[in-house]
Protein chains: 2
Amino acid sequence: MQPLPGFRDFYPEDLAFREAILCRWRSTARRYGFVEYDGPVLEPLELYRKKSGSEILEQVYQFADRGERLVAMRPEMTPTLVRMVQARHRDYRKPLKWFSIPQLYRYERAQRGRLREHFQWNCDILGEESLEADVEIISLLIDLLRGFGLGPEDFVVRVSDRGFWVRFFERHKVREEERYGLFQAIDKIERQPRETTEAALGSLAAPVFRLIDEGEPWEPVERVLASLSARGLSGFAEQDYRVVRGLAYYTGTVFEVFDRQGAFRAIAGGGRYDDLLERLGGERMPAVGFGMGDVVLGELLRAKQKLCASVARPELFVVISEEEVRPAAVRLVQSLRDQGFSVDYPLHAARPKKQWERAEAVGARHVLLADFRVMEGNAEVREVASRKSQVVSLAAIGSLLQSGGRERESGGGAPQS
Amino acid sequence: MQPLPGFRDFYPEDLAFREAILCRWRSTARRYGFVEYDGPVLEPLELYRKKSGSEILEQVYQFADRGERLVAMRPEMTPTLVRMVQARHRDYRKPLKWFSIPQLYRYERAQRGRLREHFQWNCDILGEESLEADVEIISLLIDLLRGFGLGPEDFVVRVSDRGFWVRFFERHKVREEERYGLFQAIDKIERQPRETTEAALGSLAAPVFRLIDEGEPWEPVERVLASLSARGLSGFAEQDYRVVRGLAYYTGTVFEVFDRQGAFRAIAGGGRYDDLLERLGGERMPAVGFGMGDVVLGELLRAKQKLCASVARPELFVVISEEEVRPAAVRLVQSLRDQGFSVDYPLHAARPKKQWERAEAVGARHVLLADFRVMEGNAEVREVASRKSQVVSLAAIGSLLQSGGRERESGGGAPQS
């Protein structure tokens with residue numbers, strides 16, 4: 001039996017890779033003063049009807065539950081965030097700097113490399129009008145990628161502003177209700193043949209292509225880029241008016257992150273959505289945020305060899321050379337675990353050679369040989385990497401492991417870049 | 001708009017509590033040499049039809065997806081584990097010691113304190129016949145609870161063995177197909193009036209109640225309890241033949257954990273399921289494991305005041321006293337974040353008093369006053385707890401924060417007991 005198409009099994013080595021990404025997401029968000037939240041995987045379908053674009057609704061996993069409620073598996077996090085903030089924003093001092101790592105679901109047409117679930121790092125600042133919030137959030141995004149050892153030669157943040165196009169539409173007397181369609185056409189400009197885009201844009205095709213090709217200064221974008229430079233982050237971001245974002249609700253700055261070679265889909269995307277909370281029936285609250293998925297990021301990190309995560313390894317494996325010493329060996333195991341060390345041992349009698357193979361297979365950093373000497377309070381401990389062995393008293397094993405780098409309690413496999 | 005009934009929003013303070021539990025689950029499993037895996041939230045409904053009891057199937061969230069597949073949101077983890085292990089067990093050396101922390105879903109009747117989702121810590125040892133595996137897994141369970149500061153006066157592991165009842169059924173000539181119903185009746189013995197159980201057990205009621213009340217030695221259970229004692233874990237576990245577990249697939253040792261006062265539902269439960277992999281069409285592989293949910297555990301920890309998790313706090317908050325120094329202040333923020341510190345600052349001009357309030361609200365450990373002195377390369381830093389202030393050079397702030405206890409990169413809020 002297989003997993004459903006588009007869904008992933010995470011075997012220990014896959015999970016270690018996923019956790020290395022999630023760990024880095026968490027620690028980077030915390031360095032920027034963001035706090036973590038989460039919401040339900042299942043939400044009333046109504047929540048997405050009100051807010052998300054029609055493209056999302058076509059892809060949402062939806063059904064009637066046993067209580068005849070129409071429900072949806074969350075396809076994006078922003079509606080949940082908005083619902084939660086509207087319910088309790090008075091309990092928190094503004095601005096909110098919140099992040100979350102939901103797993104999201106979309107029934108996309110089956111294509112190579114397209115999954116139906118992914119983990120997405122969502123970071124948002126709510127209740128802050130200043131453009132400094134846009135800069136803060138883009139800096140966070142850049143720093144996450146920098147933290148993996150990626151540089152300006154690897155990726156670029158393309159920055160634009162919906163306001164730029166709104167002014168353009170006003171100049172060309174485009175009615176409000178036509179604008180969403182035009183944004184969709186501009187959003188797809190790189191993924192579709194030029195003729196398709198020209199047909200969708202109609203008489204606006206020529207001026208749109210001219211603006212994109214030749215550019216035109218636009219103050220908010222210039223200010224964002226200048227502030228990033230002032231932080232020492234120039235080279236990571238560029239003005240690019242092709243970026244408009246597919247979703248309906250953006251109002252200001254919008255941005256997307258791509259690898260420089262253009263080999264992958266967007267790594268991340270986001271922008272400002274100042275009207276959304278009010279449109280959903282709450283108070284007006286300016287907001288800016290982004291989402292970054294684990295799939296495209298993972299592909300990029302693998303391609304650039306920037307992340308080699310490994311499964312957690314025990315500090316010590318206890319080889320039991322004779323069954324007579326098992327009770328003493330197990331007491332030692334228990335005592336070392338009580339001291340916080342990660343310790344493994346064989347659960348049934350086996351030849352020492354078999355046990356050494358097991359120790360190697362689980363990647364133990366040290367191997368302890370429990371033989372008759374254990375009865376006298378001593379044991380031989382070998383450090384696997386250096387192959388150095390020494391006989392130490394059982395009471396001293398804790399400090400021996402400690403000096404060799406105790407496996408500290410931590411929430412995930414240490415990210416390595 | 002509310003979350004669906006039975007689903008939880010995790011505001012930052014709720015998430016911190018959840019993460020403190022998940023973090024402890026992870027670190028304890030690692031101390032025992034378990035490695036983490038995960039599977040999909042959505043599985044083919046067929047997977048549960050084959051294995052789970054009918055009670056679970058009645059509660060499963062199921063629907064037909066857009067490709068007309070019958071799918072289910074995972075109500076338990078074991079079927080996914082079995083599916084994954086069957087597909088790739090040859091790639092791993094036995095025994096497998098695997099754990100996972102899935103979110104699980106069941107459409108239970110709405111009752112106070114009953115949710116429709118929870119996080120469940122699943123730990124399993126596969127490919128190990130020895131009773132030592134049962135002891136290892138029960139020790140892990142005990143250690144998790146001990147790690148939170150709970151003692152034998154707070155909880156008990158009730159240990160039993162399906163084999164005990166199987167022998168009883170054989171003695172009384174109960175046919176195989178009648179046994180599942182009898183197990184169900186014994187499983188519910190504490191939750192139903194005695195008459196209901198008596199009716200369900202029929203002529204076996206008297207001998208069943210006699211065995212439960214008076215006990216009878218049964219070697220495998222006695223060996224498990226003796227091994228736990230040898231590890232120094234006596235007092236945490238007791239023989240209790242009422243424990244049989246509702247699920248159909250257990251074959252040997254079964255156990256459940258309850259609080260001593262009997263104020264809560266079961267905290268955890270599990271057992272040996274040696275036939276399941278073979279029954280699902282794979283090779284025979286002995287297995288033992290348990291699940292522990294975050295909801296009952298959380299209630300117990302709150303009641304016993306054994307866990308007070310707090311939202312992650314920044315190491316430093318930078319107060320910008322005049323807008324002239326903002327560029328220099330933001331460069332400083334960026335530089336300290338690059339050094340790995342968690343730093344926050346105001347995103348728009350505000351009176352210093354407002355900024356100090358913000359620093360307090362986010363729980364910053366230090367506050368830096370960025371005023372004219374920043375231009376000269378200095379700043380005043382106050383340690384919030386001690387109220388001690390000192391003027392230091394900007395270059396020295398990193399080491400000042402370091403000595404005050406740098407917020408190390410870690411995967412979750414530090415568990416506190």
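**Interface and local features of the predicted two-chain model**

Between chain B and chain A, 54 residue pairs are in polar contact, both members of each pair having pLDDT 80 or more. On the side of chain B that touches chain A, helix H1 (residues 12–31) of chain B supplies the largest share, 10 residues. By residue class, that side of chain B consists of 43 nonpolar, 18 polar and 37 charged residues. The structure is a predicted model, and the values reported here are computed from it.

The contact involves 98 residues from chain B and 99 residues from chain A. The size of an interface is often expressed as the accessible area lost when the parts come together. For chain B and chain A, about 8,500 Å² is buried between the two, with 54% of this area on carbon and sulfur atoms.

Side chains of opposite charge can pair when their charged atoms come close. The search over the whole structure returns 91 salt bridges over all chains, and 16 salt bridges are found across the interface of chain B and chain A. A salt bridge between the two chains is formed by the side chains of Asp338(A) and Arg146(B), with an N to O distance of 2.9 Å. Within chain A, a salt bridge joins the side chains of Arg83(A) and Glu43(A), with an N to O distance of 2.9 Å. Because Arg83(A) belongs to helix H4 (residues 78–88) of chain A and Glu43(A) to strand E2 (residues 42–44) of chain A, this pair ties together parts that are 40 residues apart in sequence.

Strand E2 of chain A is also part of a sheet. In chain A, 3 strands form an open sheet with antiparallel pairing, in the order E2-E4-E3. Its edge strands are E2 and strand E3 (62–64) of chain A, each of which pairs on one side only. From one strand to the next, the twist averages 35°. The pairing of E3(A) with strand E4 (residues 70–73) of chain A is antiparallel and extends over 3 bridges. Within this pairing, Gln62(A) lies opposite Ala72(A) of E4(A).

In chain B, an open sheet is formed by 3 strands in the order E2-E4-E3, and the pairing is antiparallel. Strand E2 (42–44) and strand E3 (62–64) of chain B are the edge strands, each pairing on one side only. Neighbouring strands of this sheet are turned against each other by 35° on average, direction ignored. E3(B) and strand E4 (residues 70–73) of chain B run antiparallel and are joined by 3 bridges. Gln62(B) has Ala72(B) as its bridge partner in E4(B).

In chain A, Lys94(A) and Pro95(A) are joined by a cis peptide bond with omega of about -5°. Pro95(A) is located in the loop between H4 and strand E5 (96–100) of chain A. In chain B, the peptide bond from Lys94(B) to Pro95(B) is cis, and its omega is near -5°. Pro95(B) is placed in the loop between helix H4 (78–88) and strand E5 (96–100) of chain B. Lys173(B), although not a glycine, has a positive phi of about 55°. The loop that holds Lys173(B) runs between helix H6 (162–171) and helix H7 (176–187) of chain B.

Apart from its neighbours within four places in sequence, Gly6(B) is in contact with Leu115(B), Arg116(B) and Glu117(B). Between Gly6(B) and Leu280(B), which are 274 residues apart along the chain, the C-alpha separation is 32 Å.

Definitions and conventions. Residues numbered from 1 in each chain as written. Chains lettered and ligands numbered in written order. Predicted model: local features only at pLDDT ≥ 70, side-chain atom pairs only at ≥ 80, totals over all residues. Heavy atoms only, no water. Pairing = 2+ DSSP bridges. Helix = DSSP H or I, 4+ residues; strand = E, 2+ residues; numbered from the N terminus. Axes fitted to C-alpha atoms, helices over the stretch in contact; angles between N-to-C directions. Contact = heavy atoms within 4.5 Å. Buried area = accessible area lost by both parts, 1.4 Å probe. Salt bridge = Lys/Arg side-chain N within 4 Å of Asp/Glu carboxyl O. Polar contact = N/O pair within 3.5 Å; in protein donor to acceptor, adjacent residues only side chain to side chain. Nonpolar A, V, L, I, M, F, W, Y, C, P; charged D, E, K, R; others polar.
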